[in-house]
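Biologist: I would like to learn how to read a structure, one feature at a time. Could we go through the one shown here together?

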Amino acid sequence: MRRALVLAATPGVPLHPNPRVGCVLLSPEGEVVGEGFHHGAGTPHAEVEALAAAGERARGATAVVTLEPCNHTGRTGPCSQALLQAGVARVVVAQRDPNPEAQGGLDVLAAAGVETDAGLLADESLALNPAWTFAHVHGRPFVTWKFATTLDGRSAASDGTSRWVSSRAARLDTHLLRGLCDTMLVGTNTVEVDDPHLTVRDADDVLAPVQPLRVVMGERDLDPARRVLDDAAPTVHLRTQDPAKALATLYAEHDRHHVFLEGGPTLAAAYLKAGLVDEVVTYVAPMLLGAGRSSVGKLGIRTIDKALRLELVDATVLGAGEEANVRLVMRPGSR
Ligand code: AOF
Ligand code: ZN
């Protein structure tokens, strides 16, 4: 299974929209007769690639797979059937498939007389596809809220200027984080005021260059000249103010698993109030404004006991001196 996990994590494999999956086929003597991993949406699943490598030697073999074999015909055919037809005798999986459209392969295999096991190194498989897993379990994408702030909690000065609060190193880091997500989300107001492009740039050498879907939410019409509407990446305008509805649509209709929320204070507050922020990434700049636009809008909190508490996951210093930003990664606290 460790070998299957390494195969699944082969560098260059896109993180979205399909999960990273690895498969190793072992002969009854324990010899590796085939290996495979998934290369991205529309290509053969890991099991099919391993079966092709093994050929006739798949008969009587044990398939070790990081994810439960699929049981559906989507972009490709069901792996449960491919394993049965190849005469595999035993299937060991790490993670059960959380995708309601594809799950059930293990039960089908067991019913057909194949010996099955699940759970071996399941956490490691989940760690390969955390947002993909989260989205299928919750029926909505995982939400990372990112913002840059001065030391006194401002994201723009009183006159609206905001270039730049975060340092160059922090802005480059943001592009790397954008590239890990499959969706960029802002409100119509940010599009009006900041005219962001919302593409991944300067990260091509680190990440497979798949541009995230750009999503603008809000009922207001968009000016067609806005940069978010150019042809550098696809864009969707969701005419709703309801965060839960927007996320449900992104999952069900656009197959989205990880939203990078880069909206302004109002949109951020709406997601926070709805309990729909799963991770907070902030770049704190050594800079004071004293007044200006607050990083987050009204949360309806009047007393300290009701503060929205976060749990620190990581603190990293990027750059030095006046250009030093502290990147804080946080998760919602338990109370
Ligand atoms: C993969 N690769 O190796 C395995 C997957 O996009 P489709 O139609 O090919 O199917 C994707 C689903 O198949 C995926 O969400 C997961 O539930 C299941 N298994 N997917 O992309 C693989 N084994
Ligand atoms: Zn499959």
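Biologist: Is Glu47 buried or exposed?

Modeller: A residue is called buried if 20 or more other C-beta atoms lie within 10 Å of its own, exposed if 12 or fewer, and partly exposed in between, with C-beta atoms placed from the backbone. Glu47 is buried, because 30 other C-beta atoms lie within 10 Å. Please keep in mind that this is a predicted model, in which local features need pLDDT of at least 70 and side-chain atom pairs count only at pLDDT 80 or more, while totals for chains, interfaces and linings use all residues. Residues are numbered from 1 along each chain as its sequence is written, and chains are lettered from A and ligands numbered from 1 in the order in which they are written.

Biologist: Where is Glu47 found, and which residues does Glu47 touch?

Modeller: Helices (H or I, at least four residues) and strands (E, at least two) are DSSP runs, numbered from the N terminus, and Glu47 is found in helix H2, residues 46-54. Two residues are in contact if their C-beta atoms, placed from the backbone, lie within 7 Å. Leaving out residues up to four places away in sequence, Glu47 touches Cys23, Gly36, Ala63, Val65, Pro69, Cys79, Ala82 and Leu83.

Biologist: Which residues of helix H7 are buried?

Modeller: Helix H7 covers residues 168-180, and its buried residues are Ala170, Asp173, Thr174, Arg178 and Gly179. They pack against several strands, including E6 (142-150), E8 (183-187) and E11 (258-261).

Biologist: Which residues touch the most other members of the largest nonpolar core?

Modeller: A nonpolar core is a set of buried Ala, Val, Leu, Ile, Met, Phe, Trp, Tyr and Cys residues joined through C-beta atoms within 7 Å. The largest has 40 residues, and Trp145, Leu185, Val215, Leu261, Ala268 and Tyr271 touch the most other members. Strands E6, E8 and E11 are among the elements that give two or more residues to this core. Another core, of 35 residues, lies apart from it, with Val21 and Cys79 among its members.

Methods:
The expected span of a helix is 1.5 Å times one less than its number of residues.
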